[in-house]
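The sequence and the structure follow.

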Amino acid sequence: MQKITLPHRYSAGGSRFREASIETGWLCFQSGTVTIRIYLPLVTRLELSYQMRDWLLAFAFVGFFVGLASLGLRWLGWLNIPQLLKISPQALEYGAFALALIAFVSYFLFPIRILLLHDGNASPLLVTGSKKAIEDMESTVWAFLEALHKKQP
């Protein structure tokens, strides 16, 4: 069987890799110091999923809070935060709302794509990468698994 190389950047097991390869039934991730290998005939489930960027959601909530707090306190006459910071109220409030809106939209539009490889262990191997990288890996591993199962009677 020939070696199949997937020339994309991946993250797996807490390490970053420049490429992945499939050779003699093993999916291998190798870097200078770390090697991760998973035996593909033992893979029982292949699952494509998404992982959200939690820091973007936190940034969105902080932006909305800053904008609402500044607007509310200034409207009630208790504290004029823009005057203390020596900036215009519109720049602070609308700027905070705009940044929060951009962060919130980005949170939903650009999730991290992950591929979970279940091989019977308690926790699956979680592989992250770009959209193209995960699609290539999924199709390659799926084709390998289909060919493997067609050989078995």
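How many salt bridges does a search of the whole structure find? The search finds three, a salt bridge being a side-chain nitrogen of Lys or Arg within 4 Å of a carboxyl oxygen of Asp or Glu.

## Basis of the model

The model is predicted: local features need pLDDT of at least 70, side-chain atom pairs count only at pLDDT 80 or more, and totals for chains, interfaces and linings use all residues. Residues are numbered from 1 along each chain as its sequence is written, and side-chain values use heavy atoms, with hydrogens and water left out.

## The sheet

Helices (H or I, at least four residues) and strands (E, at least two) are DSSP runs, numbered from the N terminus. Four strands make up an open antiparallel sheet in the order β1-β4-β5-β6, where two strands pair if DSSP finds at least two bridges between them. Because β1 (4–6) and β6 (35–39) stand at the edges with a single partner strand each, one side of each is left without a neighbour in the sheet.

Strands β4 (residues 20–23) and β5 (residues 26–30) are joined by four bridges in the antiparallel sense. Within this pairing, A20 is placed opposite F29 of β5.

## Helices α1 and α3

The expected span of a helix is 1.5 Å times one less than its number of residues. For the 23 residues of α1 this gives 33 Å, which agrees with the 33 Å between its end C-alpha atoms. Helix α3 (residues 89–109) has 21 residues and reaches 30 Å, close to the 30 Å expected. Just after α1, G77 adopts a positive phi of about 80°.

Buried residues (under 20% relative accessible area, with exposed over 50% and partly exposed in between; 1.4 Å probe, protein chains only) include L56, A60, G63, G67 and S70 in α1. Those of α3 are L92, E93, A96, A100, A103, S106 and Y107, and they pack against α1 (54–76) and α2 (81–85), contact meaning heavy atoms within 4.5 Å.

## The salt bridges

E93 and R74 meet through their side chains at 2.8 Å, N to O. E93 lies in α3 and R74 in α1, so the pair ties together parts that are 19 residues apart in sequence. E93 is buried at 3% relative accessible area, whereas R74 is partly exposed at 31%.

In the pair E47 and R45, the closest N and O atoms are 3.0 Å apart. E47 is partly exposed at 28%, and R45 is partly exposed at 46%.

K132 and D136 form a salt bridge at 3.3 Å between the closest N and O atoms. Both lie in helix α4 (residues 131–151), four residues apart, about one turn of the helix.
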